[in-house]
Amino acid sequence: MEIVRSGDLASLTTLDADLIESAGECGLRPLITLHGCLDRKNYQCEFLSYEGPFGVGYLVAQVNTTTSFT
């Protein structure tokens, strides 16, 4: 959540493996894929919300880019 909030998606690739395992993450790989898609693009992450109502966290964010994907 903090990494998305900061907009530094590249930091996702350096997370500690033990932390990833203990967190039981399921969204890390899609976020790393998003980071790859945005490589060399000008983008901004906007953190919208985070909830954990059932012991599982739900992150909502919006990514805006000013660079064409062509």
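A disulfide is a pair of cysteine sulfur atoms within 2.5 Å, and by this rule the count comes to zero disulfides. Cys37 is in no disulfide, since the nearest cysteine sulfur, that of Cys45, is 13 Å away. Cys45 is likewise in no disulfide. The two residues can also be described by their accessibility, where buried means under 20% relative accessible area, exposed over 50%, and partly exposed in between (1.4 Å probe, protein chains only). Cys37 is partly exposed, with a relative accessible area of 47%, whereas Cys45 is buried, at 12%.

The structure is a predicted model, in which local features need pLDDT of at least 70 and side-chain atom pairs count only at pLDDT 80 or more, while totals for chains, interfaces and linings use all residues. Residues are numbered from 1 along each chain as its sequence is written, and side-chain values use heavy atoms, with hydrogens and water left out.

The overall fold may be taken next. The C-alpha trace spans about 40 × 25 × 20 Å along its principal axes. Of the 70 residues in the chain, 11% are buried. With contact meaning heavy atoms within 4.5 Å, 40% of the contacts between residues at least 6 apart in sequence join residues at least 24 apart.

In the interior, attention turns to the nonpolar core, a set of buried Ala, Val, Leu, Ile, Met, Phe, Trp, Tyr and Cys residues joined through side-chain atoms within 4.5 Å. The largest such core has seven residues: Ile3, Val4, Leu9, Leu12, Leu28, Leu38 and Cys45. In soluble globular proteins, nonpolar side chains tend to be buried together. Apart from neighbours within four places in sequence, Leu28 is in contact with Leu12, Leu15 and Ile20.

Gly7 lies in the loop between helix 1 (2–6) and helix 2 (17–23) and is partly exposed, with a relative accessible area of 21%. When neighbours within four places in sequence are set aside, Gly7 is in contact with Tyr43 and Cys45. Gly7 and Tyr43 are 36 residues apart in sequence, yet their C-alpha atoms are 8.3 Å apart.

Arg40 is found in the loop between helix 3 (28–37) and strand 1. Its phi is near 65°, a positive value in a residue other than glycine. The structure holds one salt bridge, that is, a side-chain nitrogen of Lys or Arg within 4 Å of a carboxyl oxygen of Asp or Glu. This bridge joins the side chains of Asp39 and Arg40 (3.9 Å, N to O). Asp39 counts as partly exposed at 44% relative accessibility, whereas Arg40 counts as exposed at 78%.

The surface remains to be described. Accessible areas come from the Shrake-Rupley method with a 1.4 Å probe, and for residues only the protein chains shown count as cover. The accessible surface of the chain comes to about 5,300 Å², of which 53% belongs to carbon and sulfur atoms. Patches are made of residues with over 30% relative accessible area and no salt bridge, with like charges joined within 9 Å and nonpolar side chains (Val, Leu, Ile, Met, Phe, Trp, Tyr) within 5 Å. Met1, Tyr50 and Leu59 make a nonpolar surface patch of about 270 Å². Tyr50 is located in strand 1 (residues 43–51) and is partly exposed, with a relative accessible area of 42%.

Terms used. Helix = DSSP H or I, 4+ residues; strand = E, 2+ residues; numbered from the N terminus.
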